[in-house]
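Me: I have a new model open and want to learn to read it. Can we go through it feature by feature?

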Amino acid sequence: MRNLLLICFAVLLCACNQGKKKQQTVETSSTVSEKQSEDFDWLLGQWKRLDEEVGQDTFENWEKINDSEYSGIGFTIQDGDTISQEKIRLLKVANHWNLNVKAPGEEHWTIFNGTNHNPHSFVCENTEIEFPNRIKYWIDEYTLHALVSGSDMEIAFEFEKLN
């Protein structure tokens, strides 16, 4: 009888430990999901615009500075000359991500406040400037998309990864 009680106790103890392991796995999985939504590594690398005007090439290059900052540069080349350029930063501020943009000669960064992000996209807005008021980036398969929009206009960009 005593041996039977010991066996039942051992089985009960093992069953309880299995429940704890499952709970730990669920907690770890939810933490990983939260961390993934903060990961914009899909931006990293060199990108070339697919839908550019004839005679021009537009590029965006992105790098990860740390877990709360990504840095990019966007530029357009025509006949071997850079005809436009802007620096881009995706920064985590408090609990959201902001997109900061600065063209050469501008003294200050234009800040677009993050309104939405998930593991494959983000949206940032600035209603205090004329254009654009909203910038959205997203990725599907191997294509990076960007959409800049204002009240009456929007410009879509599609990029392919070069590296």
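Reply: Start with how side chains are classed. Ala, Val, Leu, Ile, Met, Phe, Trp, Tyr, Cys and Pro count as nonpolar, Asp, Glu, Lys and Arg as charged, and the others, Gly among them, as polar. Keep in mind that this is a predicted model.

Me: How many nonpolar, polar and charged residues are in the lining of the largest pocket?

Reply: The lining divides into 14 nonpolar, 6 polar and 5 charged residues. The pocket's volume is about 570 Å³.

Me: What is the idea behind finding such a space?

Reply: Rolling a probe the size of a water molecule over the atoms shows where empty space is left. Here 25 residues line the largest pocket.

Me: Which of the lining residues lie nearest the centre of the largest pocket?

Reply: Glu60, Ser84, Glu86, Val148 and Phe157 do. Several strands give two or more residues to this lining, including strand 2 (56–66), strand 4 (81–93), strand 9 (143–149) and strand 10 (154–161).

Me: Let me step back to the fold. How many helices and strands does the secondary structure of the protein chain come to?

Reply: The chain has 1 helix and 10 strands. Read from the N terminus, the order is α-β-β-β-β-β-β-β-β-β-β.

Me: In what order do the 10 strands close into a barrel?

Reply: The order is 1-2-3-4-5-6-7-8-9-10, with antiparallel pairing. On average, neighbouring strands are turned by 25° against each other, direction ignored.

Me: How many bridges join strand 7 to strand 8?

Reply: Strand 7 (residues 121–125) and strand 8 run antiparallel and are joined by 5 bridges. One partner pair to find is Ser121 with Trp138 in strand 8. On to the next pairing: strand 8 and strand 9 are antiparallel over 7 bridges. There, Ile139 has Leu144 in strand 9 as its bridge partner.

Me: How should I read side chains along a strand?

Reply: In a regular strand the side chains alternate between the two faces of the sheet. Strand 8 shows the pattern. Ile135, Tyr137 and Ile139 point to one face and are buried.

Me: What share of the residues in the protein chain is buried?

Reply: Of the 163 residues, 28% are buried. Ile77 counts as partly exposed because its relative accessibility is 26%, and buried would mean under 20%. Ile77 is also 18 residues from Phe59 in sequence, with their C-alpha atoms 8.4 Å apart in space.

Me: Now salt bridges. What should I look for?

Reply: Side chains of opposite charge can pair when their charged atoms come close. A search of the whole structure gives 7 salt bridges. One of them is Lys64 with Asp41, where the closest N and O atoms are 3.3 Å apart. That pair links distant parts of the chain. Lys64 is in strand 2, and Asp41 is in the loop between helix 1 (2–36) and strand 1 (45–49), 23 residues away.

Me: Which side chain meets Arg49 in a salt bridge?

Reply: Glu52 does, at 3.7 Å from N to O. Both Arg49 and Glu52 are buried. Compare Glu69 and Arg89, whose closest N and O atoms are 3.6 Å apart. Glu69 is in strand 3 and Arg89 in strand 4, 20 residues apart. Arg89 is partly exposed, with a relative accessible area of 24%.

Me: Last, the backbone. Which residues does a cis peptide bond join?

Reply: The cis bond joins Phe131 and Pro132, with omega about -10°. Pro132 lies in the loop between strand 7 and strand 8.

Me: Where is Ala94 found, and what is its phi near?

Reply: Ala94 is in the loop between strand 4 and strand 5. Its phi is near 55°, a positive value in a residue other than glycine. Ala94 counts as exposed, at 64% relative accessibility. Now look at Glu141, in the loop between strand 8 and strand 9. Glu141 has a positive phi of about 55° and is not a glycine. That hairpin has 2 residues between its strands. Glu141 is exposed, with 70% relative accessibility.

How values were computed. Residues are numbered from 1 along each chain as its sequence is written. This is a predicted model: local features need pLDDT of at least 70, side-chain atom pairs count only at pLDDT 80 or more; totals for chains, interfaces and linings use all residues. Side-chain values use heavy atoms; hydrogens and water are left out. On a 1 Å grid over the protein atoms alone, a cavity is a set of points where a 1.4 Å probe fits but cannot get out, and a pocket is an open set with protein on both sides within 12 Å along at least five of seven lines; lining residues have an atom within 4 Å of a point. Grid points are joined across faces, edges and corners, and a volume is the space filled by probe spheres set on the points. Helices (H or I, at least four residues) and strands (E, at least two) are DSSP runs, numbered from the N terminus. A salt bridge is a side-chain nitrogen of Lys or Arg within 4 Å of a carboxyl oxygen of Asp or Glu. Buried means under 20% relative accessible area, exposed over 50%, partly exposed in between (1.4 Å probe, protein chains only). Two strands pair if DSSP finds at least two bridges between them. Axes are lines fitted to C-alpha atoms, for helices over the stretch in contact, and angles run from 0 to 180 degrees between N-to-C directions.
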